[in-house]
Each structure stands twice: as structure tokens, then as C-alpha cells.
Amino acid sequence: MWQCSVCGYIHDGTEAPEQCPKCGAPREKFVEITTEAANLVQRARLTNQLLVSLMSMVEGLGSLADKGIKDNLDPGCMKIFSYTKRVAAEIRQMAKAEIQIHVQKGKWG
Ligand SMILES: [Zn+2]
């Protein structure tokens, strides 16, 4: 793996790309990632993907809850939709915080 020292873009390959697809920096700006760091990135890729999918799913849950709250049929339904909205927001924020930790620890790329 190679990382662009300008923007952080990670390239999978035996050699660095001609230029960074993200920021356009030339090949010389890429540094090879250590095996240890590359293993961390590799190991965390599935989990990161799952966390991103989870954030997308709870976004949908939040929208569903908003519709239910707007509908306001009865207190029982309001309770369920209000609870759903709160939990969805908490899960989204938890996933976001976890991804941030992964980025800081180099478990991203
Ligand atoms: Zn770049």
C-alpha cells in the first residue's frame, strides 16, 4: 500500500500511481505504508464498511421515525417513533465517533 503524503489517499498496489487520483500530487509524493500499518488498514476495512452501512441504515430509520411522528396517530405510536428517532441518532453518532478513532489509529484506507 502507498499513501499520498499530501491528502492521505491510500493506493493498493506494488507501486505508487503516476499521480494521486484525489489531489493530483505526483508519484514522488507517495510513501510506502509499513506492513504493520497496512495490516491494520486491511483488518479494519470490513468493520469500517459495516459502520458506514450502519450509519446509512439508521439514517433511513430516522426518516421513518420522522414520518411516524408527523403522522401522530396515537401516544403508543408516538412513543415508538420518538424512541426510534433517539436511538437512530445515538447509533449514528456512536458509529461516527468509532470511525474517527479508526482514522486516528491508522485503521482506515
Ligand atoms: Zn493526494
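Predicted model: local features only at pLDDT ≥ 70, side-chain atom pairs only at ≥ 80, totals over all residues.
How many salt bridges does a search of the whole structure find? The search finds 6.

1. Layout. The domain assignment divides the protein chain into domain 1, residues 1–33, and domain 2, residues 40–109. Between the C-alpha centres of domain 1 and domain 2 there is a distance of 32 Å.

2. For reference, the ideal angle for four tetrahedral donors is 109.5 degrees. C4 is buried, at 2% relative accessibility, whereas C7 is partly exposed, at 28%.

3. Sheet. Three strands form an open sheet in the order β2-β1-β3, with antiparallel pairing. The edges are taken by β2 (10–11) and β3 (30–32); each has a single partner strand, so one side of each has no neighbour in the sheet. Strand β1 (residues 2–4) pairs with β3 over 3 bridges, and W2 stands opposite E32 of β3.

4. E15 and R27 form a salt bridge, with 3.7 Å from N to O. Both residues lie in the loop between β2 and β3, so the pair ties together parts that are 12 residues apart in sequence. R27 has a relative accessible area of 31% and is therefore partly exposed. A network of salt bridges links E15, E18 and R27.

5. Salt bridge between the helices. R92 and E59 form a salt bridge whose closest N and O atoms are 4.0 Å apart. R92 belongs to helix α2 (residues 75–104) and E59 to helix α1, so this pair ties together parts that are 33 residues apart in sequence. Both partners are partly exposed: R92 at 22% relative accessibility and E59 at 43%.

6. Salt bridge within a helix. E90 and R86 also form a salt bridge, with closest N and O atoms 3.5 Å apart. Both residues lie in helix α2, 4 residues apart, which is about one turn of the helix. E90 is partly exposed at 39% relative accessibility, and R86 is partly exposed at 45%.

7. G60. This glycine is part of helix α1 (residues 35–71). G60 is partly exposed, with a relative accessibility of 39%. The C-alpha atoms of G60 and A88 are 8.8 Å apart, while the two residues are 28 residues apart along the chain.

Note on methods:
Residues numbered from 1 in each chain as written. Heavy atoms only, no water. Helix = DSSP H or I, 4+ residues; strand = E, 2+ residues; numbered from the N terminus. Buried < 20%, exposed > 50% of the residue type's maximum accessible area, 1.4 Å probe, protein only. Domains from an automatic or database assignment. Pairing = 2+ DSSP bridges. Salt bridge = Lys/Arg side-chain N within 4 Å of Asp/Glu carboxyl O.
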